[in-house]
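Welcome, and thanks for stopping by. Shall we walk through this fold together, one question at a time?

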Amino acid sequence: MRIVAVSATLPNLGQLASFIESGEAYVFDESFRPVPLSIFVQACGHIGKNRYLFDKSLDQHVPSILKRFSSGRPAIVFCHSKKETETLASELSKSYTAPTKLNDSELRKFAGQTNTASLQMCLLRGIAFHHAGLDASDRRVVEEAFTSGSLFCLCATSTLAMGVNLPAFLVVIKGTSAYRGTGNGHQDIDMGTLLQMVGRAGRPGFDKSGTAVIMTDSLSKTRYENISQG
């Protein structure tokens, strides 16, 4: 049997190679990436005593990040809960102006394919949300709308980074921790998930480069800068 094992995030490559009794294992650095990637770490203030309020405050920084880094091209904002994706998409649809002229007829077509009122409203403004709680038909509508170039911003959970291939010029990671329930509290997102999300930046065949912005607290900024530099 011949096995070719490929991973974008696996940290223990040597152990896996030994387990499958492979005589060779290769590591490909960023120089092999078809679209060069620039990573920026944005400090968004101090957490303080209330982690929930800090996480909520990150929403207000997203418009300026989109304006600064998107260059008018498609962006994915990764959030850490289904509710966050819907809340942020709704806020952006009401307050953020599209960087380029939208194709209204295409957006009306996609909005007409869903019965979810909140998603319809967002789609008409060139924005959408995507998470596992959506009906499969709604997820397909969103994916098709984004792939067609009709949307300029998609708010999604990390499941999008693990599955559907929807790259964007700009990827924004809204926060570096997530609430894991009573007893666990807030935990840093694991490095594999972070790298998967960052890796969605840059569209082969469309972009000559990609950009990822990691939003975090001021005390964590240096840590994530070190990670982004390898």
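Predicted model: local features only at pLDDT ≥ 70, side-chain atom pairs only at ≥ 80, totals over all residues.

Residues are numbered from 1 along each chain as its sequence is written, and side-chain values use heavy atoms, with hydrogens and water left out.

Q: Why can the chain be called as compact as a globular protein of its length?
A: The chain holds ten helices and eight strands, which are DSSP runs numbered from the N terminus (helices are H or I with at least four residues, strands E with at least two). For 230 residues the globule rule gives 17 Å; the rule is 2.2 Å times the number of residues to the power 0.38, and the radius of gyration is taken over C-alpha atoms. The chain is as compact as a globular protein of that length because its radius of gyration is close to that value, at 18 Å.

Q: Is strand S5 enclosed or open?
A: Buried means under 20% relative accessible area, exposed over 50%, and partly exposed in between (1.4 Å probe, protein chains only). Leu170, Val172 and Lys174 are buried on one side of S5, and Val171 and Ile173 are buried on the other. Five of the five residues of S5 (residues 170–174) are buried, so the strand is largely enclosed.

Q: In which sense does S5 pair with S2 and with S8?
A: Two strands pair if DSSP finds at least two bridges between them. S2 and S5 share four bridges, with valine 77 opposite valine 172. S5 and S8 (residues 210–216) share five bridges, and isoleucine 173 has isoleucine 214 as its bridge partner. The sense is parallel for S2 with S5, and for S5 with S8 it is also parallel.

Q: What is phi of serine 71 near?
A: Serine 71 sits in the loop between helix H3 (62–69) and strand S2 (75–78), and this serine is exposed, with a relative accessible area of 53%. Most residues other than glycine have a negative phi. Serine 71 has a positive value, near 55 degrees.
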